[in-house]
Amino acid sequence: MAKPPNSIGRSSMPRSNEGLRLIFSAVIGIMLGYLFGISFPTVNITKLHFPSSIISYIEDRNSGITTQTLLNHAWASANNRKKNSSESNTDEIPKIYVPTNPKGAERLPPGIVVSETDLYPRRLWGDPSEDLTSEPRYLVTFTVGIGQKANIDAAVKKFSDKFTIMLFHYDGRTTEWDEFEWSKRAIHVSVRKQTKWWYAKRFLHPDVVARYDYIFIWDEDLGVEHFNAEKYIELVRKHGLEISQPGLQPDKGLTWQMTKRRGDQEVHKVTEERPGWCTDPHLPPCAAFVEIMATVFSRNAWRCVWHMIQNDLVHGWGLDFALRKCVEPAHEKIGVVDAQWIVHQAVPSLGNQGKSDNGRAPWEGVRWYLYYVIWFFHSILYFKCMIFTATASTMYPFGFSLIVYT
């Protein structure tokens, strides 16, 4: 019996279609693989562990699973495995570690590390990008008591809105300052019976004041009738001063010739002291020297000085002789601004922070601490440093001042 004439054609068409289907599937698979690879460049395929259920799906040609379903299942399984393994064996999971991050933050992604902050107030509402109407470039701090309220009010008015005002209250009285409009914008820190270097060490960390080009750390008993803060900054920049102070009125509150105002120049960096006081014309107190009553630091200089301040350095005696260690060359970058000068009123407010004991007045306890405790303690350290290192006599901040004040 003869076969129908079209039987060969009918049997060959399914085979031809099946071949085309295989070729088409291969092309589609290659394209999907390529797209998958460029879409997830960080995926480490060796770390992807497919569960047995996925393998069974792949082996079953007739399961009808779509490619998207397969990929979703793979990702979910990989994430679950990562989460479970983190609880049992953390060594299997790669950890972020950036040695250039600040100490303690090495495991944070660099993009979220913020190592510095600022003293700019922030609102509790609205768009954060609109919080700051201005960003002051300079910081001025006063360590104050309520008895010097009028004097501080006059001083603050010499500083424009380019300055952040910060008051350290050693008497704990802060609300009385609200009568001044500027006080509502100022930053108030209140800790009883402390001095400005105690405050400076704890509240003026270099990473906190990093937004400011210059930091003024001033006493409360300064007359500023002949002082303009912005003109002072101009002169400091002009003469390249990293550590400076205004000149002092020569007839009151003057201890060192270096700080004496000179009427014939803008800035001076050297002076002549009493015979025998300066072994080197480039060293304190004849050069590289300013006092600690009205000191002004550049951002970079303060970062160094802050680290030099000891935790128990409350009065600050001797610190002025060591400031030169933070700038180089010190005799060129430390100076006195004569064109902008102040008056040291020498108000003995520090003594009032003392404590009466055995009939002794409060100021006597403070003076005893200055002359005896500080002298004795640091003299021991000074001589120990001289024994153990040849350079200690030039590095230790208290040696010279101890000799002078005793």
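**View 1. The largest nonpolar core of this predicted model has 42 residues.** A nonpolar core is a set of buried Ala, Val, Leu, Ile, Met, Phe, Trp, Tyr and Cys residues joined through side-chain atoms within 4.5 Å, where buried means under 20% relative accessible area with a 1.4 Å probe, counting protein chains only. The residues with the most contacts inside this core are Trp-197, Leu-204, Ile-243 and Trp-302. Helix α7 gives the most to the core, with five residues. A second, separate core of 35 residues includes Ala-186, Tyr-214, Leu-222 and Val-267.

**View 2. Helix α5 (residues 196-203) packs against helix α7 (residues 299-308).** Their axes, which are lines fitted to C-alpha atoms over the stretch in contact, lie 10 Å apart at an angle of about 110 degrees. That makes α5 roughly perpendicular to α7, a term that covers angles of 65 to 115 degrees. In α5, Trp-197, Ala-200 and Lys-201 meet Trp-302, Trp-306 and His-307 of α7, with contact meaning heavy atoms within 4.5 Å.

**View 3. Leu-204 touches residues that include Trp-302 and Trp-306.** Also among the residues touched by Leu-204 are Leu-139, Met-166, Phe-168 and Ile-217, when residues up to four places away in sequence are not counted.

**View 4. Helix α4 (residues 149-156) holds the buried residues Asn-151, Ile-152, Asp-153, Ala-155 and Val-156.** What covers these buried residues includes β1 (138-144), β2 (163-169) and β5 (222-223).

**Notes.** Residues are numbered from 1 along each chain as its sequence is written, and side-chain values use heavy atoms, leaving out hydrogens and water. Because the model is predicted, local features need pLDDT of at least 70 and side-chain atom pairs count only at pLDDT 80 or more, whereas totals for chains, interfaces and linings use all residues.

Conventions. Axes fitted to C-alpha atoms, helices over the stretch in contact; angles between N-to-C directions. Helix = DSSP H or I, 4+ residues; strand = E, 2+ residues; numbered from the N terminus. Parallel < 35°, antiparallel > 145°, perpendicular 65-115°, else oblique. Buried < 20%, exposed > 50% of the residue type's maximum accessible area, 1.4 Å probe, protein only.
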